[in-house]
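My notes follow in the order I looked things up.

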Amino acid sequence: MLFPYTYVSHQMDKMQEFINFIFFEVWCEAPNSGAFSLELFDANAELKEVMVAFHYSDSYGAEFFSGHVERIYGLFAALDPAQINQLTLWYRANNNIERVCANDPAVDIARYADIDAILPDLSAQLASFFKELYSQRFRNVAALRQKIGDIDDHYKAFMGVNRVGKCPFCGIADIKGIYHSTREAYDHYLPKALYPFNSINFHNLVPACHNCNSSYKTSKDPAYTPKDPAGEIHRRKVFYPYANPGHCIELTVDLENSDIDHITPEEIRLTFGPLAIHEEIETWKDVYGIEDRYKAKFCDGDAKAWIEQIRILRDHGLPPQSSLSVVQEETEIDPFANANFLKNAFLKGCERAGVIDILRQP
C-alpha cells in the first residue's frame, strides 16, 4: 500500500457498536439468560428501538436481522464456558484489524472454516448473518438507517479528509472523491466470505479502485500466504490501511533493454524498499498484482510519452537533465499526481540504461 488512509469516524460506526453489544451482552450471556426476549436489549436503548421495530415488521431486513439474532442466541445457549471463551477470543481478534495486519502472534484470528470445524451449525448461521449485514437491502431498512445513517454520506465525509485522489493500493487509478456523483466500492480488507464478525467494521472497510478491488484482490486473503507446494498456508504481515504514521515505499526500476519502443515486462526489474517493511511489501505485491501492473505501464504508451516529452522539451531548449530534475521535484511535491512516483523511477532507470544519453545528443 503506497499510503494509508486517515480513519474518519461516522454515524455508521454505530452498527459495529450494535453488533458488539449483541455478541457480548446477548449471545455470550445466552447460557445464563433464559429464553430470548426483547428485554435482553434493555441496556442499549437505541438498539432496542431497532429490535422492537424489527419485531413488529414483516420486511425482509427486519426478519433477516431479528431472526438471525434469535437463532444464533439459541445456538449460543447450548455452549459451554470454554466454547464461549474461544468465540470471544476470535471475535476480539477478528475486529482488531491493526494487530491482524501486523501478524501479532497474540491475536488468534478465525475464519469460518475454524468455527465450522467445531460448531458447524453455528458457523452456518454466523456466515448467513455476517455476510448479509453489509448488503444495501439490509442497510437501507428505515428503522436501522435512522440510527446508522447512509453509506454514501460516510463516503463523502471520508473523501473530504482523504483527498489524494488516487487509489492507495496501486497509485495508478483515480479514485472518486467528493465532487463525483458516484463512489468507489468499499473493499472488505479481510474478506467477508472468509472471516466472521467484522463485515460492518469500518476499520476493515476501505475504498479501492475497481481494478484493485474487482480485478486483482478479488477474494484474496491478505492475512495468509497462498498455498505452498505442500498445500500449506501461513500467516503474513500486511499493510494496515489506517496506519498512523504511514510509510514510504521506495521503487527502483532497472531496464535490460534501452529500446523503449520494444521493451517487454521480462526486461524490466523492479526493486522495492525499504527492507524494514519487506514482508508487508511482498504481501501488497501479491494481493494487488503490483509488479504485473507497473511493468505493463512501463511497456505501454505512458512510458513512451514520458520519453517523448523529454525529447520535445529538448527540442525547445530544455536539456534532458533539467527535465529529469523537474520530474524529481514534481515527485517530491506530489508523488501520486500523474503517477509521478512511477514516472520518476522509470526515467531514472532509463538514465542508467543509457536512454537519456541518446536524448542528450543534438
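I listed the buried residues of α14 and got I290, R293, Y294, K295, K297, F298 and C299. Buried here means under 20% relative accessible area, exposed means over 50%, and partly exposed is in between, with a 1.4 Å probe and protein chains only. Helix α14 covers residues 290-299, and seven of its ten residues are buried, so I noted the helix as mostly covered. Helices (H or I, at least four residues) and strands (E, at least two) are DSSP runs, numbered from the N terminus.

A note on the source: this is a predicted model, where local features need pLDDT of at least 70 and side-chain atom pairs count only at pLDDT 80 or more, while totals for chains, interfaces and linings use all residues. Residues are numbered from 1 along each chain as its sequence is written, and side-chain values use heavy atoms, with hydrogens and water left out.

What do the buried residues of α14 pack against? I found α12 (210-217), β3 (250-255), β4 (268-273), α13 (278-288), α15 (301-315) and α17 (340-352). Contact means heavy atoms within 4.5 Å.

Next I picked a residue in two of those elements. E250 lies in strand β3, and at 46% relative accessibility I put E250 down as partly exposed. Not counting residues up to four places away in sequence, E250 touches T271, F272, G273 and P274. I also checked E250 against I19: they are 231 residues apart along the chain, and their C-alpha atoms are separated by 40 Å. N344 lies in helix α17 and is buried, with a relative accessible area of 8%.

Then the cysteines. How many disulfides are there? I count zero, taking a disulfide as a pair of cysteine sulfur atoms within 2.5 Å. The closest cysteine sulfur to that of C167 is in C212, 3.7 Å away, which is too far for a bond. C167 is buried, at 0% relative accessibility. C299 is in no disulfide either, as the nearest cysteine sulfur, that of C350, is 11 Å away. C299 has a relative accessible area of 17%, so I count C299 as buried.

Last, I went to helix α1 (residues 13-27). Its axis comes within 10 Å of that of helix α4 (residues 60-77), and the two cross at roughly 30°. That makes α1 roughly parallel to α4. Axes are lines fitted to C-alpha atoms, for helices over the stretch in contact, and angles run from 0 to 180 degrees between N-to-C directions. Under 35 degrees counts as roughly parallel, over 145 as roughly antiparallel, 65 to 115 as roughly perpendicular, and the rest as oblique. M15, I19, I22, F23, V26 and W27 in α1 meet F65, V69, I72, Y73 and F76 in α4.

With helix α8 (residues 120-133), α1 packs at about 160°, axes 13 Å apart. That makes α1 roughly antiparallel to α8. I noted this crossing of α1 and α8 as right-handed too. M15, I19 and W27 in α1 meet L126, F129, F130 and L133 in α8.

Note on methods
A crossing is left-handed if the near helix is turned anticlockwise from the far one by less than a right angle, and right-handed if clockwise.
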